[in-house]
Amino acid sequence: MTRRLKGIAAAPGIAIAPVVHFHTTLDQIPMWKVEDDRVEAEKARLLGAVTSVTENLSSIQQELAGAIGKQDVRIYDAQMAILHDETFLKEIEGEIEQHKCNLEVALQRVVARYESVFEQMENAAMRERAADLRDIGRQLVGALVTTGRQIYTANGADYLFAADEFLPSDAGILDREHIRGIVTAHGGKYSHGAILARSLGIPAIVGIDKVMQETSNGALAILDGDAGVVLLDPKPEELADYERRLQEQRSVESRIAELRFQPSVTPDGTKVRLMANAESVQDVARLELGTMAGIGLFRTEFAFMERRQFPTEEEQVSMYRRAVEIADGKPVTFRALDVGGDKPLGYFKMPDERNPVLGWRGIRLCLDWPDILYTQLRAILQASAEGHVRIMLPMVTTRSEVVRCREVLDQLTADLRANNVPFDPRIEFGVMVEVPVMVSVLPEILPVVDFVSVGTNDLVQYLLAVDRDNQRVAKMYDPFHPGVLRVLAQIAEMASEAGKSASICGEIAGDHWFTPVLLGLGYRELSMAPVFLPRVKLMLRSFSLEECRVIARRALSLHSTSAVRKMIHSEVLPRWSEQLRGSDGSPAEEGAPS
Ligand code: PEP
Ligand code: MG
């Protein structure tokens, strides 16, 4: 009889292959007493291990750079920072000196101490540090006790990777040609391992406590990454059903990818501007610009976060200029530095805040530190001479913040002009709508901006009072909440009355199930992670504007998220499946919004 193990659906997709057990934790380490005259020599071993892990992490980063998003590659920067943290290294040395233990033991103890501190932290991002730390400890021990780089392989056969945990360094040593899925005992949907699995397109389920005990090494299993279930000893008819679904999944992916160069218009000819979100110049360089209208959100803070100090004005000019040159006349929307909240800057002392998400972040911080703002805006202005540039302010809550920034911009342009420094005088200036109060102050803000862009990631968290990074309330974070949809409708309407463009750059812009609703509400510009663009394009090419309006009106009249989902299921899914129908006429099913 089929046995089902339920876990957390961490990365979508279906996989069928034998489960192969891997041991990703190093509990068994050698242990010996270090004599007084050997203490220094023992401490010196640490340096060699740090060098070797540094090299290993850099090569993983390079290897994965082409396969995963820049933001995800940065997970390894966080690990690198731990690896070179002086306090961490000194504590390990201190442990050797004090207890005369070997380096492996010292490492294990220090890692365990730090780990328990991180694990007790409120902030989910900080808790995630515990896994990074464990990973660093494990890699250091690995560098000491093994020679050469181990690879998780099943001797060249396809496999489902099963382990206690999937850590960032594991992503670098998978047999990527043959790994079909990942299943682990620990981890959450937003743990770094899960993020990397999604980025690599590997179906994954995490949080199945007893996965190592309940599965047999080498036994065939089905991993359903959409439902978060592993099926063991599947019945022949179940296996046949999943095999059919797997085939469909493959043909759907290739069909969607083929359509991405088609025009971004609804069947009745309404043009929709699909744009990309980017976090770095390398992200921009990787875009297939022919499939999109430009860059709707360039999160500039990531270039600040990966450094050890503020980038200089020259460094910023060269970075922004390069992005604009690559975009080749298509707009690049630079968002002013949006640090604070869950995005700390290591080298800039931030206060300890009880509610950082409601604290000193985004434009508030920029206005309190005019140096940061002036330097960045001046750099963006200089880059504007090379193409089409837009500037966007994050976390705005009042008209006065916008007016102050506009004055800064005017002053900077006057200075540049006086000094004969080229810039584009038609540079567009806009704000993000991320805080609910914006809905009531938009009428006074719209006249002083050229465009608005709705940051639904934050807007939803503030509207519903649900922390976007808190797993415990993750189920309540639902952009299909009719109240959220009504707010989105109001924003689109106000922008349209004022004759200003309104776009969406939060995650829902890339969720194709939302596309007809967003078009129906009046949005004509959607900016998203580029990987989602082909699906969104196919969806908008499937519904006329009038149909979108009818769907949006219906969504607005409903009273619960489940009712909205049900309606989308009945109105959108049949057409979507029809679009995905294979050339042989076989139906291609795909799950509805879950
Ligand atoms: C948003 O809040 O929707 C947004 C796009 O900004 P970020 O995700 O960077 O906070
Ligand atoms: Mg935001």
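Contact here means heavy atoms within 4.5 Å. In this predicted model, local features need pLDDT of at least 70 and side-chain atom pairs count only at pLDDT 80 or more, whereas totals for chains, interfaces and linings use all residues. Residues are numbered from 1 along each chain as its sequence is written, chains are lettered from A and ligands numbered from 1 in the order in which they are written, and side-chain values use heavy atoms, with hydrogens and water left out. By that contact criterion, 16 residues of domain 1 touch 17 residues of domain 2.

**Domains**
- Domain 1 covers 3–22 + 152–239 and domain 2 covers 36–145, with bounds from an automatic or database domain assignment.
- The C-alpha centres of domain 1 and domain 2 lie 26 Å apart.

**Buried area**
- The two domains bury about 1400 Å² between them, 56% of it on carbon and sulfur atoms; buried area is the accessible area (1.4 Å probe) that two parts lose on being put together, summed over both.
- Leu167, Ser169 and His192 provide 34% of the area that domain 1 buries against domain 2, more than any other three residues.

- Two salt bridges (a side-chain nitrogen of Lys or Arg within 4 Å of a carboxyl oxygen of Asp or Glu) link domain 1 and domain 2.
- Arg138 and Asp170 form a salt bridge through their side chains, at 3.0 Å from N to O.

**Elements on the domain 1 side**
- Helix 7 (168–171) and helix 8 (192–200) are the elements that each give two or more residues to the side touching domain 2; helices are DSSP runs (H or I, at least four residues), numbered from the N terminus.
- Helix 8 makes the largest contribution to that side, five residues.
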